[in-house]
Amino acid sequence: MKKSFLIALCTLFTFTKSLCQISIANERMNVFYIGIDNPISIAADGYLTSNLIIKTTNGEISKDYSNKYIFRSKSVGPSEIILYSNKNGKVKEIGRSIFRSKNLPLPTFRIGSNINVKTKSEIIAQEYVRAELDNFDFDIKFTIDSFKILIFSSDTCKYSITQNFGNKLNAEVKAQFQELRNSDVVVFKDIFIRRPDGSSALIEPLIITIKE
């Protein structure tokens, strides 16, 4: 059974005449994400590193400060990594692997704790909002460009709309938070964020209920 497992594992990442001679593997996930450094491992037993040529489709390969390989995708779709040997001026392909490239998942908008029922004291203590990815292997930083805040009054059924730019709450929003009452509803909507590659995205709104 152990032997069968090794054969299956090598078949997944190996494309050579001899078992496990060449491997091209994504170190963290089975996909590449656009806009971030995706670490990959490349092994070529029996070949000098100086004789290896690495080419890609839909992306670029480089080495980081620790001399490890990094892949950066260009667009959504298949991304192929092809390994060549250059010996005495003769170049031949010795292995290749195909991965999927996709956009990063959209983060969740948050202010304060992750609970959507908050006390007035908690929400007025906040200075910043944030956008986070849960249970993701990479530590990704998203920039919040802008969002709107709607506050619905439980007493009068009236509401206000305020625009905020950046992740820091402006003075107008802070002043409105000071006037919040029990059962008021605060809605953060039209939230635009920027991914690490600079592209913009609209993420899901957040609804908070004030409970004292």
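Start by selecting Lys55 and Tyr84: the charged end of Lys55 sits over the ring of Tyr84, 5.6 Å from the ring's centre. Keep in mind as you click around that this is a predicted model.

The structure has 8 aromatic pairs. To see one of them, show the side chains of Tyr33 and Phe136.

Tyr33 belongs to strand β2 (residues 31-33), while Phe136 is in the loop between β11 (130-132) and β12 (143-152). They are 103 residues apart, so this pair links distant parts of the chain.

Last stop: Ser154. You'll find Ser154 in the loop between β12 and β13 (159-165). With the surface still on, is Ser154 buried or partly exposed? Ser154 has a relative accessible area of 33%, so it counts as partly exposed.

Who does Ser154 touch? Leaving aside neighbours within four places in sequence, Ser154 is in contact with Asn182, Ser183 and Asp184. Zoom in on Asn182: the side chain of Ser154 reaches the backbone oxygen of Asn182 at 3.0 Å. Finally, zoom out and pick Ala201. Ser154 and Ala201 are 47 residues apart along the chain, and their C-alpha atoms are separated by 32 Å.

How values were computed. Residues are numbered from 1 along each chain as its sequence is written. This is a predicted model: local features need pLDDT of at least 70, side-chain atom pairs count only at pLDDT 80 or more; totals for chains, interfaces and linings use all residues. Side-chain values use heavy atoms; hydrogens and water are left out. Rings of Phe, Tyr and Trp (its six-membered ring) pair if their centres lie within 6.5 Å; planes under 30 degrees apart count as stacked, over 60 as edge-to-face and the rest as tilted. Helices (H or I, at least four residues) and strands (E, at least two) are DSSP runs, numbered from the N terminus. A charge sits over a ring if NZ of Lys or CZ of Arg is within 6 Å of the ring centre and within 35 degrees of the ring normal. Buried means under 20% relative accessible area, exposed over 50%, partly exposed in between (1.4 Å probe, protein chains only). Contact means heavy atoms within 4.5 Å. A polar contact is a pair of N or O atoms within 3.5 Å; within protein, one must be able to donate a hydrogen and the other to accept it, and residues adjacent in sequence count only if both atoms are side-chain atoms.
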